[in-house]
Amino acid sequence: MSYPPKEIIWNFLSVVAGVMTSIGVFYFLFLATALLPQALNSTAFLMILLGFAAFAGGFSTAAMATRQKFILAMITSFVLVIVFINFFDATFNYRNSPDEILQVIIIFLLSDIGGIAGTLPSRKTSKNHEDSSPGSASV
């Protein structure tokens, strides 16, 4: 089973678009939190934002991909974790480790759930149109 180059490029671009969508959603929501009271700006709220962004990234990757949609959503989740570690300077030391590990798990799970949700709209059900054609008469 060989892939045409067009599909390879399209699947690569779907992963890039998923990562960019996730970063864009997180950045937009992170900027929107400046309007919220200081009490809502906490680690739990950051985890919620990461969850929404990861879900959007996995969904957009799976919706754009041509084949192996869930695997591409998993690749997106790995890239998002790498971006998370670099962006937030995650050190995983003894003090911050539980929160950072939980944030990584949230990114993995919700990106994969978004990938599953992204595959659902593309599934087509085949209907038998022979009975409903205008020329057919049932006896």
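This is a predicted model: local features need pLDDT of at least 70, side-chain atom pairs count only at pLDDT 80 or more; totals for chains, interfaces and linings use all residues.
Local features are reported here at pLDDT of at least 70 and side-chain atom pairs at pLDDT 80 or more, while totals for chains, interfaces and linings use all residues. Numbering starts from 1 along each chain as its sequence is written, and side-chain values use heavy atoms, with hydrogens and water left out.

Overall, the protein has four helices and zero strands, with helices (H or I, at least four residues) and strands (E, at least two) taken as DSSP runs numbered from the N terminus. Read from that end, the order is α-α-α-α. Of the 139 residues, 31% are buried, meaning under 20% relative accessible area with a 1.4 Å probe, protein chains only. The accessible surface (Shrake-Rupley method, 1.4 Å probe) is about 9,400 Å², and carbon and sulfur atoms account for 70% of that. Take the contacts (heavy atoms within 4.5 Å) between residues at least 6 apart in sequence: 77% of them link residues at least 24 apart.

Now for the packing of H1. Two packed helices are described by the angle between their axes and the distance between the axes. Axes here are lines fitted to C-alpha atoms, for helices over the stretch in contact, and angles run from 0 to 180 degrees between N-to-C directions. H1 and helix H2 (residues 43-64) pack with axes 8 Å apart at an angle of about 155°, so H1 and H2 are roughly antiparallel (over 145 degrees). Their crossing is right-handed, that is, the near helix is turned clockwise from the far one by less than a right angle. On the H1 side the contact includes Trp10, Leu13 and Phe30, and on the H2 side residues including Leu46, Phe52 and Met64. This contact of H1 with H2 has 16 nonpolar, seven polar and no charged residues; Ala, Val, Leu, Ile, Met, Phe, Trp, Tyr, Cys and Pro count as nonpolar, Asp, Glu, Lys and Arg as charged, and the others, Gly among them, as polar.

H1 (residues 5-32) also meets helix H3 (residues 69-87), their axes coming within 10 Å and crossing at roughly 45°. H1 and H3 are therefore oblique to each other, and their crossing is right-handed. Asn11, Val19 and Ile23 are among the H1 residues involved, with Leu72, Thr76 and Phe87 among those of H3. By class, the contact of H1 with H3 holds 10 nonpolar, five polar and no charged residues.

Helix H4 (residues 97-119) includes Ala117. Setting aside neighbours within four places in sequence, Ala117 touches Phe55 and Phe59.

Definitions and conventions: Angles under 35 degrees count as roughly parallel, over 145 as roughly antiparallel, 65 to 115 as roughly perpendicular and the rest as oblique. Buried means under 20% relative accessible area, exposed over 50%, partly exposed in between (1.4 Å probe, protein chains only).
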